[in-house]
Amino acid sequence: ENFYYILQKKLTASQTTLMDKERSKKGKKRKLTESQLLINELEKKAAREKEQDNKEATDDVIKCKPTISIALPGSILSTVPTDELKTYVIGQVARAAALFNVNELIIFDEMSANPQSLSARDVNSMFVNVLQYLETPQYLRRVLFPKHPYLQHVGLLHPLNCSHHMKQDEWSEYREGVVLDRPSKKKSWSYVNVGLSKDARVDMCLHPGVRVTVKMQEPDVSSEERKNYRGSVVSPLLPSIHGLYWGYSVRYAKSFSSVFSDYPYGEKYDLIIGTSDKGGNISDINFNNEFKHCLIVFGGLAGLETCLEGDEELKVEDVRLLFDHYLNCCPRQGCKTIRTEEAIFITLSSLKG
């Protein structure tokens, strides 16, 4: 009995020691896990702060980036006889904007004070729709633009071939995409069609059908094995900081005065230029190029004077008073009149020079 008692005592002591060791291991493991979680949380917090700092720095750079806007009346299409030629004229305007890195195209109604005919409203709508279509990357057009009579002849136009018009096998840090109506594991995720063989997952809940600019993560071995690429939604102005022309936005102004009173950048246009054959010679003007937002306004068939007469909101008598500079960009012209789409090329090339 004494032997069994001593053996039982030793076994109990041994089990107690093992339990103490196991408890000690669990305690160390728990401490290690808590430490690791704390480190991970601190790393995530530092990453978020760094991302926020980078975003604020990027926003500051974007705000300092100069922009160029051009405005013209949709009525320049009213004398063009066929839809094919109307589409061609719009294509010329789009090409000029892309060639000279224009950020915003404004189509305005120059006769807002007078009753409009259906055809006048149609040309404005056609102008806006075709401009937006041409600026959109090819892989997004079927999604964003249903069939419409305005777009019937766009296949005849030369492509803009801007930096964001990419092919499926072409990799870029930035891509345009459209948010898909696709279920995700987390509510904070969305999937975006960016024109690649796989969709991109972004850590943001977005409404399906919205067009976004996505900053893509660099592909690696693991990304090739994933079902989706990774990316983040950024401002469409961000690629321009890296020297990429990322297309133009299109704005419809319901009146001539709305061209000046409505502005998309949160700041007024600080350099406004009007063009007319009655203006001063452009070669006599010295530009210091110190502007944030430049607006260049073109008139219709009868010039900017008629645009002023057709707007009841503007109280000035002389159209020159609306502009910082009122310029004739083609003095000693050989033709009696210059078409607006021609004037855009001449003016932008003269100002760039």
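How much space lies in the largest pocket? About 1100 Å³ lies there, where a pocket is an open set of points on a 1 Å grid over the protein atoms alone, at which a 1.4 Å probe fits, with protein on both sides within 12 Å along at least five of seven lines, and where the volume is the space filled by probe spheres set on the points. The residues that line the largest pocket, meaning those with an atom within 4 Å of a point, number 42, and the closest to its centre are Pro-66, Ile-68, Phe-100, Asn-101 and Asn-103. Among the elements that give two or more residues to this lining are helix 3 (118-135), strand 9 (271-281) and helix 9 (340-352); helices (H or I, at least four residues) and strands (E, at least two) are DSSP runs numbered from the N terminus.

This is a predicted model, in which local features need pLDDT of at least 70 and side-chain atom pairs count only at pLDDT 80 or more, while totals for chains, interfaces and linings use all residues. Residues are numbered from 1 along each chain as its sequence is written, and side-chain values use heavy atoms, with hydrogens and water left out.

Asn-101, one of the residues closest to the pocket centre, follows helix 2 and has a positive phi, near 55 degrees. Helix 2 itself (residues 83-99) has 17 residues and reaches 24 Å from its first C-alpha to its last, close to the 24 Å expected at 1.5 Å a residue, the expected span being 1.5 Å times one less than the number of residues. Its buried residues (under 20% relative accessible area, with a 1.4 Å probe and protein chains only) include Lys-86, Val-89, Ile-90 and Val-93.

Elsewhere, aromatic rings come together. Ring pairs link Phe-108, Phe-256, Phe-260, Phe-323 and Tyr-326 into a cluster, and rings of Phe, Tyr and Trp (its six-membered ring) pair if their centres lie within 6.5 Å, with planes under 30 degrees apart counting as stacked, over 60 as edge-to-face and the rest as tilted. The rings of Phe-256 and Phe-260 have centres 5.3 Å apart and planes at 80 degrees, so this pair is edge-to-face. Phe-256 counts as buried because its relative accessibility is 0%, and Phe-260, at 17%, also counts as buried.

Leu-322 lies in the loop between helix 8 (304-309) and strand 11 (325-328), and at 17% relative accessibility Leu-322 counts as buried.

Note on methods:
Buried < 20%, exposed > 50% of the residue type's maximum accessible area, 1.4 Å probe, protein only.
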